[in-house]
Amino acid sequence: MSAPSLQSFQEQVSELLLRHRSLLDVMSKMGQTNAAAVRSVTKSVTECGCIELHATKQDFEPGMDLQHAKETIAKHVHGELCENCRDAITNELGRNLFYMSALCNLLGINMEEIVERESQKCATLGLFNLS
């Protein structure tokens with residue numbers, strides 16, 4: 001079975017969302033599911049220990065070429081998520097995506113347009129997209 005498109009997922013959410021059709025309810029549920037996803041990642045470090053964080057200042061120097069920067073910049077995460085943590089985080093991210101879709105539905109925004117717009121920005125701005 002292939003994954004549904006964003007559009008079909010958004011339509012499915014619209015059909016299923018009965019209790020939280022209020023914009024305020026959906027926004028609060030989206031914040032709650034976002035916090036739960038962050039908490040699941042945190043628990044992977046602090047309770048399970050399947051991943052570790054070794055955060056330090058990034059050694060990025062002005063004028064550094066792109067390839068050297070990619071090799072130098074650390075991701076700070078060491079280890080791999082265990083099956084239980086991966087499952088918990090995936091579930092929480094899925095719930096967050098559900099409420100993001102619900103928010104889009106309530107505001108008349110198409111999720112595929114969001115992805116397309118962000119992709120265009122990434123292509124245009126490249127490395128400067130997130131600075």
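Some ground rules. Residues are numbered from 1 along each chain as its sequence is written, and side-chain values use heavy atoms, with hydrogens and water left out. Because this is a predicted model, local features need pLDDT of at least 70 and side-chain atom pairs count only at pLDDT 80 or more, while totals for chains, interfaces and linings use all residues.

I start with helix 4. Helices here are DSSP runs of H or I with at least four residues, strands are runs of E with at least two, and both are numbered from the N terminus. Helix 4 has 25 residues and reaches 36 Å from its first C-alpha to its last, close to the 36 Å expected at 1.5 Å a residue. That expected span is 1.5 Å times one less than the number of residues. After helix 4 comes G108, with a positive phi near 70 degrees.

Which residues of helix 4 are buried? They are C85, I89, E92, N96, F98, Y99, S101, A102, L103 and C104. Buried means under 20% relative accessible area, exposed means over 50%, and partly exposed is in between, with a 1.4 Å probe and protein chains only. The cover over these buried residues includes helix 1, helix 2 (23–48) and helix 5.

Two of these residues deserve a slide each. E92, in helix 4 (residues 83–107), has a relative accessible area of 19%, so it counts as buried. Leaving aside neighbours within four places in sequence, E92 is in contact with T33, A36, A37 and S40. Contact means heavy atoms within 4.5 Å.

The other is S101, also found in helix 4. Is S101 buried or exposed? It is buried, because its relative accessibility is 0%. Apart from neighbours within four places in sequence, S101 is in contact with F9, Q10, V13 and M111. S101 and S14 are 87 residues apart in sequence, yet their C-alpha atoms are 8.2 Å apart in space.

Now the core. A nonpolar core is a set of buried Ala, Val, Leu, Ile, Met, Phe, Trp, Tyr and Cys residues joined through side-chain atoms within 4.5 Å. The largest one here has eight residues: F9, V13, L17, V26, F98, Y99, A102 and L103. Helix 1 (6–16) and helix 4 are the elements that give two or more residues to this core. Helix 4 provides the largest share, four residues. As background, in soluble globular proteins, nonpolar side chains tend to be buried together.

Next, helix 5. Helix 5 (residues 111–125) has 15 residues and spans 21 Å from first C-alpha to last, close to the 21 Å expected at 1.5 Å a residue. At its start, a side-chain oxygen of N110 comes within 2.7 Å of the backbone nitrogen of E112.

How do helix 1 and helix 5 cross? Their axes come within 8 Å and cross at roughly 145 degrees. Axes are lines fitted to C-alpha atoms, for helices over the stretch in contact, and angles run from 0 to 180 degrees between N-to-C directions. L6, Q7 and Q10 of helix 1 meet M111, E112 and V115 of helix 5. By class, that contact has three nonpolar, two polar and one charged residues. Nonpolar here covers Ala, Val, Leu, Ile, Met, Phe, Trp, Tyr, Cys and Pro; charged covers Asp, Glu, Lys and Arg; the others, Gly among them, are polar.

I114 is also in helix 5, and it is partly exposed because its relative accessible area is 36%. I114 touches C104 and I109, not counting residues up to four places away in sequence. The C-alpha atoms of I114 and C104 are separated by 9.6 Å, and the two residues are ten apart along the chain.

S44 lies in helix 2 and is buried, with a relative accessible area of 0%. Leaving aside neighbours within four places in sequence, S44 is in contact with G49, C50, I51, L81, C85 and I89. S22 sits in the loop between helix 1 and helix 2, and at 31% relative accessibility it is partly exposed. K70, in helix 3 (residues 66–72), is exposed, with a relative accessible area of 56%. K70 and E15 are 55 residues apart in sequence and 43 Å apart in space, C-alpha to C-alpha.

Definitions and conventions
A polar contact is a pair of N or O atoms within 3.5 Å; within protein, one must be able to donate a hydrogen and the other to accept it, and residues adjacent in sequence count only if both atoms are side-chain atoms.
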